[in-house]
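Good morning, and thank you for coming. Please have a look at the sequence and the structure on the screen before I go through some of the details.

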Amino acid sequence: MGTVTGFIEGRFKNHTFVTGGFGTGKSRAVGTAALAAAASGSRVARLEQGPLGISSFDDFLAAVDVAVSVSDGQPAVDGNVQPPGDANERSPLVIVVEGLDQLVRQIRAADRPAFSELLVAPDGPLVVGTAILGVLPDEFAPSFEVLQTSPVGTVGEGVQIAVERALQHRVLAPSIGPELLRMSRQVELAFLGNQLFWALTGPHLAAGDQNPLVRAEGDLRALMKAHYSALLLRVAPSEQRVLLEIARGGAPRTVQEIAEAVEVRNQAAASAIARLHADGWVMNITAPAGADRRRSWYDIADPLLRVHLRPQGWGSVSDLIRSVVDSWETPVTVEVASPGVEDLAPGDAEAVRRGESGEPEVARAWFHEALLRRAEAEGLRGRSTLETYRALAVWMGNTGERQRAQRMMTAAIRDLDDLIGATSREAIESRMHAALNLVEQGEFPEARQHYAKALELAIRSNETDLTVQARLELARALGEEGYIQQAVQHIAAAVEDLQRAEANRAAQKELWAQLCRARRVQAYWLARGGDASQGAAILEELLDDPRMGEGERCRTELDRIGLVALVDRPRAVSEYQRVALEIEASGVDTKLSAAARSAAFDIAVEEWPGEPEMWPVHAMDRQNLEAAVVRLVEAEQLDLQGLAKVLAQVSGVQAQVLATKLVAVPRQLPRGQRAALARTFVPFLQRTSEQRLLSDLASALENEPVAVANLPEEWRHVVAGMRDLDVDSVT
């Protein structure tokens with residue numbers, strides 16, 4: 001803007017060349033300048049071109065002539081192009097060329113000196129251009145002031161761009177900003193600094209699309225594909241191989257490294273790199289810290305070009321670099337929107353849903369915030385405040401803080417008894433949650449007292465579902481403590497309660513579901529008590545009942561196999577895998593299928609602890625397998641040899657994920673274990689470059705200077721942190 005204003009006012013003339021990667025705002029910058037020039041009465045000639053639509057100098061002159069003629073109200077005469085050097089006689093002329101770097105290359109190839117004359121003419125126009133690749137030929141570069149677009153500084157700034165775009169179309173919920181911040185953790189790192197990515201997110205926000213960042217990423221990848229594919233048509237195959245190697249390597253490379261990777265001589269690699277550098281594809285950078293400064297180092301000039309050249313799911317070094325950093329640095333915190341009082345009721349249900357689907361920290365954080373809001377709005381002893389306090393105590397316990405949850409629940413019970421009565425549903429449920437916390441802490445006698453009191457109050461309240469729940473949970477506590485016969489008696493009483501209620505009430509569907517669950521619990525404890533045949537008979541009877549829905553039938557079938565596992569574990573492994581396939585085919589519930597696969601895996605691990613080749617690794621979905629392997633390694637149930645046998649059965653991408661989770665875990669490990677884990681993974685990674693990088697990490701953990709020097713810059717503080725964390729651990 002300053003350049004254009006200074007030219008229009010006659011103070012100075014600085015031809016300007018705007019550089020930056022794809023989608024970083026170059027067109028928006030020169031477009032704003034063009035609008036400013038037009039608004040001041042200046043003439044504006046604009047020449048737009050894409051990667052393949054490279055204009056000639058005659059096209060350039062024609063665009064200028066049109067601008068001059070239109071602004072004069074005169075059409076061009078006989079199509080003759082007027083020299084632009086005299087265009088400023090009546091008003092200043094600003095020429096905007098998108099893809100100026102490509103145009104001047106065409107001009108140079110056609111030997112058209114008129115453009116150079118135009119640039120130096122005192123009364124000539126101002127030229128403002130953008131780059132498609134990023135550099136001007138040397139003979140033109142001194143005539144231009146180079147400005148560079150800056151990336152989006154933080155994710156918060158990007159969210160602001162997206163929200164501003166979306167607000168042009170609709171009003172957004174106040175929680176959208178924090179939600180986008182949470183979702184951004186799953187987005188390709190290069191996209192988060194790209195203005196176009198966030199601008200593309202705006203319309204998806206306005207449309208209310210789910211996963212707007214994922215949709216914006218898809219849009220951006222499609223635009224990138226069209227842009228870069230067209231540009232790459234002009235690159236020789238030998239040079240494309242060099243580009244691919246640098247992009248997929250994930251780190252700056254030397255000529256020698258590139259030559260070795262693409263299997264050519266150093267001279268051939270140097271010539272290809274020189275051409276790519278001259279055209280703006282790659283850039284010469286300062287040697288990374290600790291690297292050989294006598295060598296020339298090269299990297300991809302445009303971050304999104306690297307993404308385009310590296311297919312999704314490739315599992316390259318750049319993925320490995322980022323995933324290790326993320327695993328090491330990502331804090332275990334939960335971001336939730338701060339609710340207003342009017343948003344609390346629907347938010348409670350959403351928080352519970354998220355908690356039950358595997359994100360208990362989300363529910364805990366929500367109820368913590370909601371408690372403060374309700375206390376401010378309704379006082380400390382308001383009913384809704386107490387309900388929120390009780391909910392927070394529940395989710396405190398579900399995230400592992402059992403003792404604190406117990407203290408909170410005891411306080412909630414006392415106040416609920418005073419405020420709405422001991423026989424209220426809230427007070428009874430609170431007693432059962434308090435008892436559950438005690439069971440999880442192994443305090444069985446005190447837990448039985450709480451359950452017994454809850455059962456007494458539930459019977460007095462005439463709430464059948466609460467009575468049954470109290471009996472079943474009391475039975476569980478008794479069974480876990482070893483009083484299986486008493487547990488079975490309480491379950492039988494719960495079944496009788498349900499059968500009586502089913503005969504007397506209209507809401508039989510809900511009661512039937514409760515009865516099914518009670519009978520399944522009954523079968524389990526009968527089997528645990530030594531009467532597996534009677535437990536199996538109960539389940540078979542349920543499976544034959546025509547009232548049973550498909551989901552309940554699948555759960556009952558899994559329980560039946562659980563009884564099989566008590567007497568024939570290899571057979572149970574096989575049956576779990578069979579049922580998992582049947583559930584997937586029926587489309588009932590993917591969680592049940594995953595539960596069946598996990599059960600098969602867990603039993604196999606217990607049955608054949610030293611034989612990972614016997615484990616149904618291929619039957620496990622990726623996420624559950626990763627969780628199981630991490631758990632087994634951390635519990636020292638899987639040694640390095642066993643880990644190698646598991647890795648031999650998974651893909652290179654999955655091996656990379658497991659390497660990240662085990663090697664970069666931000667907790668103290670015995671000295672040497674982290675390096676040993678890294679070396680175990682090396683042979684199973686997909687690419688040689690990944691293997692070399694992880695091997696360097698292992699050696700760097702042992703303070704080998706060459707390996708430390710070879711580490712990517714992003715890993716240096718990570719490896720230092722790993723060494724510091726493990727230094728005092730037990731060897």
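This is a predicted model: local features need pLDDT of at least 70, side-chain atom pairs count only at pLDDT 80 or more; totals for chains, interfaces and linings use all residues.

Thr467 is buried, because its relative accessible area is 7%, which falls under the 20% limit for that class. Thr467 belongs to helix α22, which covers residues 464-481. Leaving aside residues up to four places away in sequence, Thr467 touches Leu455, Ala458, Ile459 and Asp497.

Let me now turn to the sheet. In what order do the five strands of the open sheet stand? The order is β2-β3-β4-β1-β5, and the pairing is parallel. At the edges are β2, residues 43-47, and β5, residues 145-148; each has a single partner strand, so one side of each is left without a neighbour in the sheet. From one strand to the next, the twist averages 15°.

Val97 has Gly129 as its bridge partner in β4. On to the next pair: three bridges join β1 to β4, again in parallel, and Val18 stands opposite Thr130 in β4.

Is β4 itself enclosed or open to the outside? Five of the five residues of β4 are buried, so this strand is largely enclosed by the rest of the structure. In a regular strand, the side chains alternate between the two faces of the sheet. In β4 both faces are covered, with Leu126, Val128 and Thr130 buried on one side and Val127 and Gly129 buried on the other.

In soluble globular proteins, nonpolar side chains tend to be buried together. The largest nonpolar core in this model has 64 residues, and those with the most contacts inside it are Phe601, Trp615, Leu643 and Phe681. Helix α28, residues 590-607, gives the most to this core, namely eight residues. Phe601 touches Trp615, Pro616, Val617, Met620, Leu625, Ala628 and Leu632, again not counting residues up to four places away in sequence. Apart from this core lies another, of 45 residues, including Val187, Leu192, Ala272 and Trp281.

Two packed helices are described by the angle between their axes and the distance between the axes. Among the residues making the contact are Tyr576 and Leu581 of α27 and Leu592 and Ile603 of α28.

Finally, I would point to Glu611, in the loop between α28 and α29. Is Glu611 buried or partly exposed? Its relative accessibility is 35%, so Glu611 counts as partly exposed. Glu611 and Val646 are 35 residues apart in sequence, and their C-alpha atoms are 9.6 Å apart in space.

Thank you for your attention.

Conventions. Residues are numbered from 1 along each chain as its sequence is written. Side-chain values use heavy atoms; hydrogens and water are left out. Two strands pair if DSSP finds at least two bridges between them. Helices (H or I, at least four residues) and strands (E, at least two) are DSSP runs, numbered from the N terminus. Axes are lines fitted to C-alpha atoms, for helices over the stretch in contact, and angles run from 0 to 180 degrees between N-to-C directions. A nonpolar core is a set of buried Ala, Val, Leu, Ile, Met, Phe, Trp, Tyr and Cys residues joined through side-chain atoms within 4.5 Å. Buried means under 20% relative accessible area, exposed over 50%, partly exposed in between (1.4 Å probe, protein chains only). Contact means heavy atoms within 4.5 Å.
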